[in-house]
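Please keep the sequence and the model in view while reading.

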Amino acid sequence: KKEQIINSLISMQDEGSYLAERIFKYVHYKGTPYQYDPDGYVESLKRITVKDLKDFSKKYYNSENIIIAVVGDFDEGNILQTLEQRFANVSKDIHSDNFEFKETDNGKGIVYLKEKEDASQTSLYLGHSGIKRNNEDYINVIFLNTLLGGSFVSRINKNLREKNGLTYGARTSFNTKLYSGDFTIETEINTDKTDFAVEEILKELNDIRENFVSDEEMENAKNYISGNYPLQLETANAVSGKLMNMELYGFNKDYFDTYLSKVNNITKEQVRETAIKYLHPEKLKFVAVGDIKKLEKQCSKFGSLEVINKIK
């Protein structure tokens with residue numbers, strides 16, 4: 001198993017997009033558990049012993065903080081009774097670690113460069129702090145992201161791909177976690193056009209903060225979200241996953257029942273307010289993986305340069 005994961009990690013380190021994302025996560029979340037790759041690292045994987053696995057399993061794989069979701073055709077009374085009987089003696093104490101996340105924007109205004117030999121493109125990864133999963137504005141934020149870079153017809157993708165022919169695709173994401181989250185932009189760009197691509201991205205971020213989006217964009221985003229939402233609930237497993245997330249992140253019980261109505265009631269004024277509140281071009285940190293000699297001159301205008309030699 002070690003060899004399998006290590007070989008996979010070594011293979012991914014040949015991909016500029018993987019390297020760019022890992023550098024961003026490390027510098028942005030430095031000093032927190034989120035800085036580490038859940039897949040591990042070659043050095044750390046080699047050190048893992050059977051005892052480590054047994055100790056980890058005993059500490060974290062237990063029923064003390066279990067969430068049970070039941071989806072299907074069943075008798076409610078019987079199944080509740082059965083669950084209560086089977087789990088009546090489970091301890092209510094939760095021994096898993098609690099973590100207090102202190103919101104920071106480590107490394108803002110810095111361009112992190114990583115050499116990738118023979119790279120014909122630049123792997124770009126830009127980002128700053130985002131939101132937790134249970135943020136009260138989560139639905140508005142997801143709607144904003146759909147307009148900005150969360151769909152194929154979004155603003156940043158249309159700008160970089162269709163208008164300027166700089167890439168095959170570009171996307172933005174609000175990556176939400178239990179204690180924190182981040183907003184990121186990622187794309188692969190012709191190396192000679194790296195600085196121009198960043199300038200166009202910044203232009204789109206400022207534009208959606210300063211101006212109202214069009215009625216057509218609003219309608220397209222609502223149709224896109226409404227059309228995709230039922231696909232997320234097609235199977236019993238998918239529904240149970242939604243229910244467990246609702247419990248894990250502390251959503252209101254009507255969250256999924258009212259989701260689409262809230263989406264369809266969003267206004268362009270709310271989109272702009274959300275953009276102003278959660279998009280901060282001045283706080284971005286930049287990661288560029290590729291030909292450093294070509295990137296240094298282009299990227300220096302966006303902040304001080306720091307070369308990353310080794311991915312931790």
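In what follows, a residue is called buried under 20% relative accessible area, exposed over 50%, and partly exposed in between, with a 1.4 Å probe and protein chains only.

## Basis and overall architecture

The structure is a predicted model, in which local features need pLDDT of at least 70, side-chain atom pairs count only at pLDDT 80 or more, and totals for chains, interfaces and linings use all residues. Residues are numbered from 1 along each chain as its sequence is written, and side-chain values use heavy atoms, with hydrogens and water left out.

The secondary structure comprises 13 helices and 6 strands; these are DSSP runs numbered from the N terminus, helices being H or I with at least four residues and strands E with at least two. Along the principal axes, the C-alpha atoms of the protein fill a box of roughly 65 × 55 × 30 Å. Of the 312 residues, 39% are buried. Contact means heavy atoms within 4.5 Å. Among contacts between residues at least 6 apart in sequence, 81% join residues at least 24 apart.

## Packing of helices 7 and 8

Two packed helices are described by the angle between their axes and the distance between the axes. Helix 7 (residues 155–163) and helix 8 (residues 194–210) pack at an angle of about 145 degrees, and their axes are 10 Å apart. The axes are lines fitted to C-alpha atoms, for helices over the stretch in contact, and angles run from 0 to 180 degrees between N-to-C directions.

On the side of helix 7, the contact is made by Arg155, Ile156, Asn159, Leu160 and Lys163, while helix 8 contributes Ala197, Glu200, Ile201, Lys203, Glu204, Asp207 and Ile208. These residues divide into 5 nonpolar, 1 polar and 6 charged. In this scheme Ala, Val, Leu, Ile, Met, Phe, Trp, Tyr, Cys and Pro count as nonpolar, Asp, Glu, Lys and Arg as charged, and the others, Gly among them, as polar.

## The buried face of helix 11

In helix 11 (residues 255–264), the buried residues are Tyr255, Phe256, Thr258, Tyr259 and Val263. Seen down the helix axis, they fall within an arc of 150 degrees, so they line one face of helix 11. The arc is that of the directions from the helix axis to the C-beta atoms. The cover over the buried residues of helix 11 includes helix 6, helix 9 (215–228) and helix 10 (236–249).

Asp137 is found in the loop between strand 2 (121–129) and helix 6 (138–148). Asp137 counts as buried because its relative accessibility is 16%. Leaving aside neighbours within four places in sequence, Asp137 is in contact with Lys277 and Tyr278. Its side chain makes a polar contact of 2.6 Å with the side chain of Tyr278. A polar contact is a pair of N or O atoms within 3.5 Å; within protein, one must be able to donate a hydrogen and the other to accept it, and residues adjacent in sequence count only if both atoms are side-chain atoms.

Gly109 lies in the loop between helix 5 (76–86) and strand 1 (110–115). With a relative accessible area of 31%, Gly109 is partly exposed. Apart from neighbours within four places in sequence, Gly109 is in contact with Leu284, Phe302, Gly303 and Ser304.

## Val27 and Asp118

Val27 belongs to helix 2 (residues 16–28) and is buried, with a relative accessible area of 10%. Asp118, in the loop between strand 1 and strand 2, is exposed at 81%. The C-alpha atoms of Val27 and Asp118 are separated by 25 Å.

Most residues other than glycine have a negative phi. Phi of Asp118 is near 60 degrees, a positive value in a residue other than glycine.
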